[in-house]
Amino acid sequence: MIKKEIIGVGFGPSNLATAVSLVENDFHSTLFLEKKERFSWFPGMMLKRSRLQNSCLKDLVLVANPRSRFTFLNYLFEKKILDDFINLNNLYPEREDVNNYMFWVSSQLNKYIQYSSCVSAITPHSTDLDCMQNLKVSYTDMHGKFAELICENIVIGTGAAPFLPTSILPHPRATHTVNAVQFLGNLNKEQHHHFLVIGGSQSSAEILYHILELFPYSQIQVVSKGFIFRSLEASALINRMFSEYGMSWFGCYPRSAQKNIYQDLLTANYSAVDPDLIQMISEILYFDKKRGRSRVTFHHYHELIDIVDHQDTFTCKLRCTLTNTEKNVHGSQLIFATGFSYRNTLKLLEPVEKWLVYDKEGIPIRNSDYSLKTHPNFLPKIFVHSVGDATFGLTEGGMTNLAVRGRRMMQSMQQKRVALRRKDAPVTG
């Protein structure tokens, strides 16, 4: 059975950043297993005016290694579009640009990636019953054949799964924003549709703008548990919370205090919308009103409690969180802009769960290097980019700190490598 120093599970942006850090620091006994046929990053969300909420300088590597050939700026230079990008006077690239950049990086690391490989289990593997030394990774390869690998370290970056408040999907007239491009592309733009958009943050605003621009005869209702389209806070001081400084500052507080901080600052990014996008939507609504049109209805402070599917219409039961009253709204097309969940990683860890250390909520505890805290006789390092907690503050699960995350994991593996070499070194003198 083939043994690798490092196996990566999944190859999205998080593990791509980790791969860059590992390869640039001579970790060549590394293989990433990815179930998709090629690298892609949410292609169904590449809507018009869809921009990243992070500066292009917060790419896969720059903060950790500004001289790297894998920076976003070097990508622009190699593609001969650096001057054009600079002249835009906008450091926030469109999602399509970011996807193309990451695909460009991944194509240079193909020798470390095995696509069409679906991991089914991560299990302990050791010849020493008193000390667990390695992990076994079981997967199905591109030919449908079962295969296994042994590794000393594993990096789990299986990404986020679309979060849905109900179980109505799959449905031909409903989707999550992760599939928005295909879903909207299949609809006749000249027909009258009645859209229901559930959610009130950035992806919801992108969906609304897209529909307003391309579906001129349609009505849209937007439903959110909070105020719809709060503006993104982008001050320099707030942005410090999305850096390595913010990670360290957040980590100084006990878990109970961290929860309060996280909730207080959550609207700085995850529940907020770019001001420019809010302005563009507001201008469309203004011009509509001048023409005597009203295409959008906002249901602020309403939560979705039930959906009934009729033959060609959805009835959504809403509860107002301010008055505790209920009402029904109707629509022909339903789009969930309800974000993502990172808890899908936990199921993959079930075979090794007895060696893990958990918090009071049953979530595996992670160390500052993103490795899971384990019992002393468990030697493999299991690094997890996210398990659905807030251990690393506002940098958790997002794109803002990929370079630092990858560097921390790499440095931890360097330290382990050095320690093992010292242990195996012959005694002299």
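1. The largest nonpolar core holds 41 residues, and Met102, Val105 and Leu109 touch the most other members. A nonpolar core here is a set of buried Ala, Val, Leu, Ile, Met, Phe, Trp, Tyr and Cys residues joined through side-chain atoms within 4.5 Å; buried means under 20% relative accessible area, exposed over 50%, and partly exposed in between (1.4 Å probe, protein chains only). At least two residues of this core come from each of helix H1 (13-24), helix H2 (72-78), H4 and helix H12 (402-424). H1 gives the most, with six residues. Helices (H or I, at least four residues) and strands (E, at least two) are DSSP runs, numbered from the N terminus.

2. This is a predicted model, in which local features need pLDDT of at least 70 and side-chain atom pairs count only at pLDDT 80 or more, while totals for chains, interfaces and linings use all residues. Residues are numbered from 1 along each chain as its sequence is written, and side-chain values use heavy atoms, with hydrogens and water left out.

3. Val105 is in contact (heavy atoms within 4.5 Å) with Leu16, Val20, Leu60 and Phe70, leaving aside its neighbours within four places in sequence.

4. Two cavities of 30 Å³ or more are found in a search of the whole structure. A cavity is a set of points, on a 1 Å grid over the protein atoms alone, where a 1.4 Å probe fits but cannot get out; lining residues have an atom within 4 Å of a point. Grid points are joined across faces, edges and corners, and a volume is the space filled by probe spheres set on the points.

5. The largest cavity has a volume of about 110 Å³. Of its 14 lining residues, Leu52, Lys58, Asp59, Val98 and Tyr101 lie nearest the centre. Helix H4 (residues 95-107) supplies the largest share of this lining, three residues. By class the lining has ten nonpolar (Ala, Val, Leu, Ile, Met, Phe, Trp, Tyr, Cys and Pro), two charged (Asp, Glu, Lys and Arg count as such) and two polar residues (the others, Gly among them).

6. The second largest cavity holds about 30 Å³ of space. Its lining consists of Met45, Leu47, Thr177, Ala180, Ser203, Glu206 and Ile207, and helix H6 (residues 202-214) gives the most, with three residues.

7. Met46 lies in the loop between strand E2 (30-33) and H2. Met46 is partly exposed, at 21% relative accessible area. Beyond its neighbours within four places in sequence, Met46 is in contact with Trp41, Arg95, Glu96, Asn99 and Val181. Met46 and Asn99 are 53 residues apart in sequence and 9.0 Å apart in space, C-alpha to C-alpha.

Note on methods:
On a 1 Å grid over the protein atoms alone, a cavity is a set of points where a 1.4 Å probe fits but cannot get out, and a pocket is an open set with protein on both sides within 12 Å along at least five of seven lines; lining residues have an atom within 4 Å of a point.
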